[in-house]
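I opened my notebook to get to know a structure that was new to me. Here is what I looked up, entry by entry.

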Amino acid sequence: MTTITKTKAPFRADHVGSLLRPDSIHQARKDFKDGTITAEQLHEIETEEIKHIVDKQIEVGLELVTDGEFRRRFWHTDFQEHLNGIEGYVPEVGYIFHGEEETERYNVRNTGKISFNTDHPHVKEFIEFNKIVDGRAVAKQTIPSPNQLFNEGIRDVTIYPDIEDYAKDVIQTYRDALKAFYDAGCRYLQFDDVYIAGLSSPDIPFNDGEFSREYLIDLALRVVNEVLEGKPEDLIVTTHLCRGNYRSNWAFEGSYALIAPTLFAKEKVNGFFLEYDDDRSGDFKPLDHIPNGGARVILGLITSKNGELEDRDTIIARIKEASQYVPLEQLCLSPQCGFASTHHGNKLTEEQQWEKLKYIVDIAKEVWG
């Protein structure tokens, strides 16, 4: 295939973010909970493992590295519960996933006016992580999309009777978050968004709710775009659309067709990480709404849900198929999701995880040069 010059993030070979927690972290978390080690000792163990995976990501040829989300229990709640006006709690039931009775019970809720906490631990953690990377690769930070705060049951209508007022505060909170990460040295940041993908799922009904699907799609677009207003030009921001990733199971299915005319066409991010590892995501036709020369499309053709390596020729053929809708120079390759969106991790080994990431690098070199 055609040789194309490499450019800045998102990269030809990229990945979503989370990595399988090693046994040492699982044990340290248990020991901390049991009171046999201190928070400082837990932090030290996590730091050593983060150093290891940074080296490993560079070794397999990736130009970006993440901290594997090793200091988090869940991909979203750890960030959200440290915002002002949001708290974590244990609900009566978890989320229902395909193949699981329910997920581990944990969620967040709105308890007051929302704003960014200037002492947010994720910012401090990024500074420490970036020092570990030390310029050897691009340090990528992942956080839940602002739209995740619009999930059912989070907003307290006694605090925010008007969803537009709620949206206003969420937008300002995330503008402040972006500034804090930028000032901390972050130049590659990703919004993880299950909520937006849910708006495109016919399995999720909206007609019995207070708002129509069309209104919520429009609101989701406005929230992200207003967050990004005035962001520094050298801060790369992407959106990862996910249909759920919990112990190798998924929450819902449906193509991107319902959201593509709005979000793909108009969301002002630098790239979309899209799930395309099985038929749950539909075909590539919705990619036709991506503006030519606009956002990159990072094709999630490699699954993180099992350890079996996909057929190389099939993956290359699918990239070629996607290039009928988005020019090849706008395409990239990645897993469809992280390997451990929650501390439980998906059902594959660490060795298989690294094989998958190296495979992505090798295929990207073959396709783009």
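My entries below go from the whole chain to single residues.

**Entry 1: ground rules.** I noted that this is a predicted model, in which local features need pLDDT of at least 70, side-chain atom pairs count only at pLDDT 80 or more, and totals for chains, interfaces and linings use all residues. Residues are numbered from 1 along each chain as its sequence is written, and side-chain values use heavy atoms, with hydrogens and water left out.

**Entry 2: confidence.** I looked up pLDDT, the predictor's confidence in each residue from 0 to 100. The chain average is 90, and 88% of the residues score at least 70. Over residues 1–7 pLDDT stays under 50. For that stretch the model has 15 contacts beyond four places in sequence, a contact being heavy atoms within 4.5 Å.

**Entry 3: the whole chain.** I found ten helices and nine strands. These are DSSP runs, numbered from the N terminus: helices are H or I with at least four residues, strands are E with at least two. Of the 369 residues, 57% count as buried; buried means under 20% relative accessible area, exposed over 50%, and partly exposed in between, with a 1.4 Å probe and protein chains only. Among contacts with a separation of 6 or more, 78% come from residues 24 or more positions apart.

**Entry 4: two helices.** How do α1 and α2 pack? Helix α1 (residues 23–34) and helix α2 (residues 39–59) have their axes 10 Å apart, at an angle of about 175°. So α1 is roughly antiparallel to α2; angles over 145 degrees count as roughly antiparallel, under 35 as roughly parallel, 65 to 115 as roughly perpendicular and the rest as oblique. The axes are lines fitted to C-alpha atoms over the stretch in contact, and angles run from 0 to 180 degrees between N-to-C directions. On the α1 side I listed S24, I25, A28, R29 and F32, which meet A39, L42, I45, E46 and E49 of α2. By class, this contact has six nonpolar, one polar and three charged residues. Here Ala, Val, Leu, Ile, Met, Phe, Trp, Tyr, Cys and Pro count as nonpolar, Asp, Glu, Lys and Arg as charged, and the others, Gly among them, as polar.

**Entry 5: cysteines.** How many disulfides does the structure hold? I found zero, a disulfide being a pair of cysteine sulfur atoms within 2.5 Å. C242 is in no disulfide, and the nearest cysteine sulfur, that of C337, is 3.6 Å away. C242 is buried, with a relative accessible area of 5%. C332 is buried too, at 0%.

**Entry 6: A322.** Helix α9 (residues 312–322) contains A322. Is A322 buried or exposed? With 0% relative accessibility, A322 counts as buried. Leaving aside neighbours within four places in sequence, A322 is in contact with F284, L287, L299 and L331. From A322 to D283 is 39 residues in sequence and 8.9 Å in space, C-alpha to C-alpha.

**Entry 7: backbone notes.** Most residues other than glycine have a negative phi, and most peptide bonds are trans. I noted a cis peptide bond between A9 and P10, with omega about -5°; P10 is in the segment before α1. E69, not a glycine, has a positive phi of about 60°. E69 lies in the loop between β1 (64–65) and α3 (77–80) and is buried, at 3% relative accessible area. D134, also not a glycine, has a positive phi of about 55°. D134 is in the loop between α4 (121–133) and β4 (138–144), and is exposed, at 59%.
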